[in-house]
Amino acid sequence: MLTTRPTFVSVGFFFLFLSLPLSTLSQPSMSSVYDSFLKCLSEKTKTPQSQIAKIVFSQSNPSYTSVLRAYIRNARFNKSSTPKPTIIITPLSESHVSAAVLCSKPLDFVFKIRSGGHDYDGLSYISDKPFFILDLSNLRDVSVDIAEQTAWISAGATLGEVYYHIWEKSKVLGFPAGVCPTVGVGGHLSGAGYGNMLRKFGLTADHFIDAKMVDVNGAVLDRKAMGEDLFWAISGGGGGSFGVVLGYKVKLVPVPATVTVFRVEQLMAAGAVDMVHKWQFVGPKTDKNLFMRMLIQPVTRNKVKTIRATVVALYLGKADDVVSLLSKELPELALKKENCTEMTWFQSALWWDNRVNATQTDPKVFLDRNLDSSSPGKRKSDYVETEIPRSGIVSLFNKMIELGKIGLVFNPYGGRMAEIAEDATPFPHRNMLFKIQYSVNWKESSPELEKGYLNQAKVLHSFMTGFVSKNPRGAYLNYRDVDIGVNDHGEDSYKEGEVYGRMYFGKNFDRLVKIKTAVDPGNFFRNEQSIPTLPIAKRTGVPEQGTAKRWSGAGGATVVASVLLHVI
Ligand code: FDA
């Protein structure tokens with residue numbers, strides 16, 4: 001079981017180590033891991049160690065903390081008590097990525113991959129086992145081809161950078177991805193991705209033409225070289241299970257020269273219950289050009305706790321048209337022309353990012369990476385298949401008032417989403433009416449309050465059981481939620497993976513497991529919710545590549561080995 005130990009760990013040194021206090025050993029151990037890793041990287045990339053050292057950060061490097069924190073987008077995991085990586089690697093080229101994979105493989109460290117660092121449960125930069133971080137934030141090229149209406153976008157780019165570079169070249173092309181400009185391409189696109197044009201154009205992953213990734217053997221593969229199975233897997237099956245995604249070639253979409261945005265709020269006393277109830281019949285069925293997100297939040301007005309329902313919308317067309325449409329379909333919203341603002345599609349991306357004066361905002365704000373403003377938070381997700389009855393909306397509002405802080409976001413599906421087969425990509429929830437995001441953020445640093453907020457998320461999720469999808473209950477991978485199950489990658493890895501895997505991927509989980517077993521049988525690319533390999537006994541027909549026993553069934557022994565190696 002322990003044959004994969006690095007050769008530089010001798011048995012004699014191991015017993016010597018056990019007889020010494022940890023404090024005297026942790027420093028030399030870190031530096032010996034660092035030295036060996038650096039030597040390996042230098043050899044593999046044929047670069048002098050002094051050069052390669054500029055992209056490898058040990059805990060003693062003065063820049064280590066700032067490099068680590070630059071892409072921690074949930075302050076819940078930005079504490080002194082948060083587990084820290086032994087080494088952070090910040091590649092500047094594909095060959096650095098390949099070398100990082102090859103040099104990490106012989107070491108028993110968990111290999112975390114981070115692009116934009118927006119994972120809601122921090123899986124790209126924390127682990128309870130010794131770990132490295134491969135941080136791709138320097139690989140951020142975006143190259144737009146207007147003639148082809150395509151773009152190559154690198155994993156370390158942010159969505160804001162993607163939108164900016166499209167805007168530089170065209171005012172009538174866009175890209176259907178997420179609404180937060182700091183989200184990274186690597187995690188967002190590999191996990192399917194969606195934004196406010198999903199009813200018109202489907203998911204982000206529906207627009208992939210090609211991809212580049214580094215596999216477990218350090219090879220750089222494009223779509224042709226990786227084959228259709230692996231290409232399918234990284235089109236929504238999640239980053240971190242199959243390899244390091246370097247980037248995607250995507251098809252851009254046509255957007256009108258003028259789009260309309262609006263935000264309309266209603267409190268319970270003004271009819272929010274009826275409006276939200278009716279929204280369920282309209283939001284997922286109306287014109288594909290209209291995306292009406294619903295935010296539901298507990299608020300206090302005149303010292304009375306109530307619920308505020310807010311519709312935030314993008315209409316791919318003119319204000320007059322959407323006002324006329326909704327006066328017929330959703331009069332409960334009472335939308336007026338003065339609630340609407342017409343602008344370009346790019347400006348609408350600024351508006352959705354809460355830029356109050358979007359039409360006057362400098363587009364370059366989307367290139368700003370120094371936004372260390374994240375607060376602690378927690379997200380969960382659900383899918384709704386049939387409309388919640390009015391009485392259910394009333395009881396939901398009452399429950400949210402009782403809980404006091406947690407909010408919900410309803411994202412309507414329908415339109416293009418429902419036209420695409422459930423197995424076209426790993427994302428299976430095509431026929432749902434809408435997705436729910438449970439959302440709570442806070443400012444306080446008290447552990448007790450944090451516990452309370454996390455509990456509100458669990459309580460509300462449990463309260464919703466009768467209203468949401470079942471067998472399996474659905475969840476969205478990009479709204480990462482470790483409450484629905486985690487994987488220790490021991491003997492029960494497949495069973496553990498099936499719990500969260502079926503919620504994220506439904507029947508597509510089986511194909512993902514087969515692909516995973518074929519391309520990474522030793523389970524090098526793993527995290528707390530990665531796709532597991534098939535148990536050895538079930539691997540008939542799946543090509544073995546020699547390292548399969550390393551994690552499957554190794555369980556505690558391997559974990560012990562990795563912990564010891566970390567300290568040595
Ligand atoms: P991060 O770097 O944390 O990676 C997330 C996961 O992907 C990790 O498991 C990581 O290991 C893996 N990974 C990252 N890069 C990889 C690579 N190059 N190769 C292989 N694996 C890689 N979602 C959405 O669909 N629509 C939306 O509008 C939004 N909006 C939004 C706003 C905010 C403020 C946040 C925090 C999050 C969202 N999201 C979202 C969710 C977002 O899509 C999700 O968190 C993505 O995984 C984030 O990708 P990053 O690269 O930023 O994350």
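Modeller: The chain has 17 helices and 18 strands, where helices (H or I, at least four residues) and strands (E, at least two) are DSSP runs numbered from the N terminus. This is a predicted model, in which local features need pLDDT of at least 70 and side-chain atom pairs count only at pLDDT 80 or more, while totals for chains, interfaces and linings use all residues. Residues are numbered from 1 along each chain as its sequence is written, and side-chain values use heavy atoms, with hydrogens and water left out.

Colleague: What percentage of the 568 residues in the chain is buried?

Modeller: A residue is called buried under 20% relative accessible area, exposed over 50% and partly exposed in between, with a 1.4 Å probe and protein chains only. By that definition, the buried part of the 568 residues in the chain is 58%.

Colleague: How many salt bridges does the structure hold?

Modeller: A salt bridge is a side-chain nitrogen of Lys or Arg within 4 Å of a carboxyl oxygen of Asp or Glu. Some of these pairs join into a network, one that links Arg76, Asp121, Lys378, Lys380, Asp481 and Asp483. For the structure, the number of salt bridges is 30.

Colleague: How many residues apart are Glu528 and Lys112, which link distant parts of the chain?

Modeller: The side chains of Glu528 and Lys112 form a salt bridge with an N to O distance of 2.6 Å, and both residues are buried. Glu528 belongs to the loop between helix H16 (508-519) and helix H17 (555-567), whereas Lys112 belongs to strand E3 (residues 110-114), and their separation is 416 residues.

Colleague: Which residue forms a salt bridge with Arg369?

Modeller: Arg369 is buried, as is the residue you ask about. Arg369 sits in the loop between helix H12 (345-352) and strand E16 (377-384) and the other residue in helix H6 (residues 159-169), so the pair ties together parts 208 residues apart in sequence. The salt bridge, at 2.7 Å from N to O, joins Arg369 to Glu161.

Colleague: Why are Arg502 and Glu498 separated by about one helical turn, and in which helix do they lie?

Modeller: The closest N and O atoms of their salt bridge are 3.1 Å apart. Arg502 is partly exposed at a relative accessible area of 22%, and Glu498 is partly exposed at 26%. The separation is about one helical turn because the two residues are four residues apart in helix H15 (residues 493-505).

Colleague: Is Thr533 buried or exposed?

Modeller: Thr533 is found in the loop between H16 and H17, and its side chain is joined to that of Arg539 by a polar contact of 3.1 Å. With a relative accessibility of 3%, Thr533 counts as buried.

Colleague: Which peptide bond is cis?

Modeller: Most residues other than glycine have a negative phi, and most peptide bonds are trans. In this model, Pro472 lies in the loop between helix H14 (447-463) and H15. With omega near 0 degrees, the cis peptide bond runs from Asn471 to Pro472.

Colleague: What is the phi of Lys46, which is not a glycine?

Modeller: Lys46 lies in the loop between helix H2 (22-45) and helix H3 (49-52), and Lys46 is exposed, with a relative accessible area of 75%. Its phi is positive, at about 55 degrees.

Colleague: Where is Asn354 found?

Modeller: Asn354, which is not a glycine, has a positive phi of about 65 degrees. With a relative accessibility of 58%, Asn354 counts as exposed. Its place is the loop between H12 and E16.

Note on methods:
Polar contact = N/O pair within 3.5 Å; in protein donor to acceptor, adjacent residues only side chain to side chain.
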